[in-house]
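Please keep the sequence and the structure in view while reading.

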Amino acid sequence: MLSAPDPRPPKSTDHPQRVAVIGGGPAGLYAAALLKRLDPTREITVWERNAPDDTFGFGVVLSDETLGGIEHADPHVYAALQQHFTRWDDIDIVHRNTRQTSGGHGFAALGRKRLLEILHDRCRTLGVELRFRAEAPDPAPLAETYDLVIAADGVNSTTREAYAHVFRPHVATHQCRYIWLAADFAFDAFRFEIAETEHGVMQLHGYPYAPDASTVIVEMHEDVWRAAGFDELDEQESIARCAKIFADALGGRSLKSNKSAWTTFRTVVNERWSHDNVVLLGDAAHTAHFSIGSGTKLAVEDALALAACLEEQPDLPDALRAYEEERKTVVASTQRAARASLEWFENLGLYLDQPPRQFAFNLLTRSRRVTHDNLRLRDAGFTEAVERDFGCPVGTPPMFTPFRLRGLTLRNRVVVSPMDMYSATDGVPGDFHLVHLGARALGGAGLVMTEMVCVSPEGRITPGCTGLYTGKQGEAWRRIVQFVHTQAPGTAIGVQLGHSGRKGSTRLMWEGIDEPLEDGNWPLVAPSPLPYRPYSQTPRELTRSQLTDIREQFTAASWRAARAGFDLLELHCAHGYLLSGFLSPLTNQRTDAYGGSLEKRLRFPLEVFDAIRAVWPEERPMTVRISATDWAEGGTTAEDAVEIARAFAAHGADAIDVSTGQVVADERPEFGRSYQTPYADRIRHATGLPVIAVGAISSWDDVNSLILAGRTDLCALARPHLYDPHWTLHAAAEQGYDGPGVVWPAPYRAGSRRPQTGRTDAPKPRLSLGSRPPPYRRSASCRPPGRSGGTRRCAGRPRSRRGRAARRCAG
């Protein structure tokens, strides 16, 4: 017997005609409107569990960049938004009764309720079916009956949870509590106000979203929240308490709520964003902390990208892959910035004693998206005032100010970071090292560091590592030091001493990093008999007599380094090498006086440091490189790093060179631009000790920003100096600086002007729609990947309405 035919049209895997949208927030509504406008024949249904006029929160902020994308994709929506925007340029930062104002930031905000009304109207006009007060069916049956299911159901997405085994979400809860409120007046700027109370520091984030209304977010660390008794107050009592604490900012006015409750922010990350014909959008896919104003921005940009990819790609699977590929990189960058911002506020107490303008600059640049150069474009007067307070002579970028360590004055804040070259013979540095270090010394850096120089043959990482355990090696180093002092006067050169520990006896980096030698291995020693990798050689646990021998090896190498004329000595206690192995609880499992508590784990590294300090010339500084986190559960923490730094400072360390990781092979580092800097920042402010920041610092703008904000004293760069040995000279040329902070060698002076470059075209809009485009149109500027899996190149970001990418967002 034949069954009755299914009345539903067959699902399309090419260009989806039946689209289900779960969630009626900005992400879902805007996606529905765009897809319907692209193809009016589509059947699109949006399910929203709340009523049309229900909304949570008050105002939303959209950047000029996002608005440019909206204008190109749907001028009708843009025109409607324009009628209701409240715009302003200034950010006010109020701390200890001092207000600092920075202008030129270019914000646009409107009420969240108004935004939803505009999107409701647009969807209805286009023919999208909106179902309010309606729970969406489970995603599985929706996926069976619709061509495409868009899950825009927010941070608590049930769709994401239903397919958790595919999306593999990770949700991180952070340390601050916040409450979303509003005031019946308009701030005249985006306002950050800091309140120091008997219970701890609290902060207000406020901005106008209508001529007579402002969003007010009150935030504080969980410990402060509990100490202040907010955990025992109801909604109205909390609101009244917040209004009292921030009475000056509010002008004595009250605050109002909209189902407001204290909550902790959760960062949502998904390994995958789509499963068959189900795709995540907005907060269901990712979240970014409100302090950089990116939630609605990301949601709208997700919708734009999804619509564009469905338009450009030949079928649905390709479109969803292209969407995820395009957005993941952008979102990951935003989430890194958001995390830096939220962690800055979590650790706000560290910065309270900064001078007022530096505190304001630090806050403005906290996410690393607003930088020194970027802020100069926005508000040159404010930036110049911060520079004057810092002590920058007129026309001198912060990176070219001097810095003193003990008897050594560095003429600028740039350090050529230690980089293993694996090019020595029997530990002797040769012509390669002379050219390598000499070129970088001629390149203008204030301090050039050697690679890790090993204190014994058994302490080498590879057969190509340099050493300072023979007189011949000492003389070879003296030749290099003399070249630097003679040919690059004013440039200091430092030596980094270390012992490989369990990470030794391996091949040269380009032959197989961490791979054991095929032959000629030497025995390894370590705090505990733990191999670095499963296939690595197992080290022998050091005995007490061996500890004494190694300490004497460090002492002898230090004496040779002093005779060679090095200006600074750094003790390598990072990256899982021998001394680092003592510091980390993951690699030190000893039960004697050198293992157990942090104090005991510090014992041998401090003994080595003291022995070196005793023979190292008193006027020359010593620094210590540490791994401030192991990026692994149970390993060294940021709090441990502060205590480690304090211990070395108490023994006479002049600065801490703050790196991270490389201690255990199963680490999970959170890479990103200047990603290790927060650890240096924390140590600097918690201990008062000078620090050297390292880790993906690649631009002179980053260096200026970090120095001027007070997050570090020196910046060490590695790969940029491999790319460009004259990086510092070129940084001076690009900033138009010609002063004592950097000196061009006379033979190079003719190259001190930046060469002219060719013209580059402005990027095209991400999605630009005609009055009624065909259902499928492949963009010439955004072709699908070929069979080989090549990366699709997209048309680029939309132009800014204000014509300058600098005017982007609060973060």
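How many aromatic pairs does the structure hold? The structure holds 27 aromatic pairs. Rings of Phe, Tyr and Trp (its six-membered ring) pair if their centres lie within 6.5 Å; planes under 30 degrees apart count as stacked, over 60 as edge-to-face and the rest as tilted. The model discussed here is predicted, so that local features need pLDDT of at least 70 and side-chain atom pairs count only at pLDDT 80 or more, while totals for chains, interfaces and linings use all residues. Residues are numbered from 1 along each chain as its sequence is written, and side-chain values use heavy atoms, with hydrogens and water left out.

A pair of aromatic rings is described by the distance of the centres and the angle of the planes. The ring centres of Trp88 and Phe190 are 6.4 Å apart and the planes stand at 40 degrees, so this pair is tilted. Trp88 belongs to strand β4 (residues 86-88) and Phe190 to strand β11 (residues 190-197), so the pair ties together parts that are 102 residues apart in sequence. Helices (H or I, at least four residues) and strands (E, at least two) are DSSP runs, numbered from the N terminus. Trp88 is buried, with a relative accessible area of 6%, and Phe190 counts as buried at 6% relative accessibility. Here buried means under 20% relative accessible area, exposed over 50%, and partly exposed in between (1.4 Å probe, protein chains only).

Phe192 and Phe345 form an aromatic pair that is stacked, with 6.0 Å from centre to centre and 25 degrees between the planes. Phe192 lies in strand β11 and Phe345 in helix α12 (residues 316-346), so this pair ties together parts that are 153 residues apart in sequence. Phe192 is buried at 2% relative accessibility, and Phe345 is buried at 2%. These rings belong to one aromatic cluster, formed by Trp88, Phe107, Phe190, Phe192, Tyr207, Trp344, Phe345, Tyr351 and Phe359.

Asp92, in strand β5 (residues 91-95), counts as buried at 3% relative accessibility. Its side chain makes a polar contact of 2.7 Å with the side chain of Thr101. A polar contact is a pair of N or O atoms within 3.5 Å; within protein, one must be able to donate a hydrogen and the other to accept it, and residues adjacent in sequence count only if both atoms are side-chain atoms. Beyond four places in sequence, Asp92 touches several residues, including Phe190, Arg191 and Phe192; contact means heavy atoms within 4.5 Å. Gly206 is placed in strand β12 (residues 200-210) and is buried, with a relative accessible area of 0%. Gly206 and Arg191 are 15 residues apart in sequence, and their C-alpha atoms are 5.0 Å apart in space.

According to UniProt, the feature "domain: NADH:flavin oxidoreductase/NADH oxidase N-terminal" (unreviewed entry) is at residues 399-732. UniProt positions are given in the numbering used here, feature names are shortened, and annotations may be inferred rather than shown by experiment. Over residues 399-732 the chain is 36% helix and 16% strand, and the end C-alpha atoms are 9 Å apart.

Where does Ser500 lie? Ser500 is in the loop between β21 (492-498) and α18 (509-512), and at 0% relative accessibility it counts as buried. A polar atom of the Ser500 side chain lies 2.9 Å from the backbone oxygen of Arg460. Beyond four places in sequence, the contacts of Ser500 include Tyr577. The charged end of Lys503 sits over the ring of Tyr577, 4.9 Å from its centre. A charge sits over a ring if NZ of Lys or CZ of Arg is within 6 Å of the ring centre and within 35 degrees of the ring normal.

Most residues other than glycine have a negative phi. Arg168, although not a glycine, has a positive phi of about 50 degrees; Arg168 is partly exposed, with a relative accessible area of 40%. Ser674 likewise has a positive phi, of about 45 degrees, but Ser674 is buried at 1%.

The protein averages a pLDDT of 90, and 91% of the residues score at least 70; pLDDT is the predictor's confidence in each residue, from 0 to 100. It stays under 50 over residues 1-8 and over residues 771-811. Where pLDDT is low, the predicted coordinates should not be read in detail.
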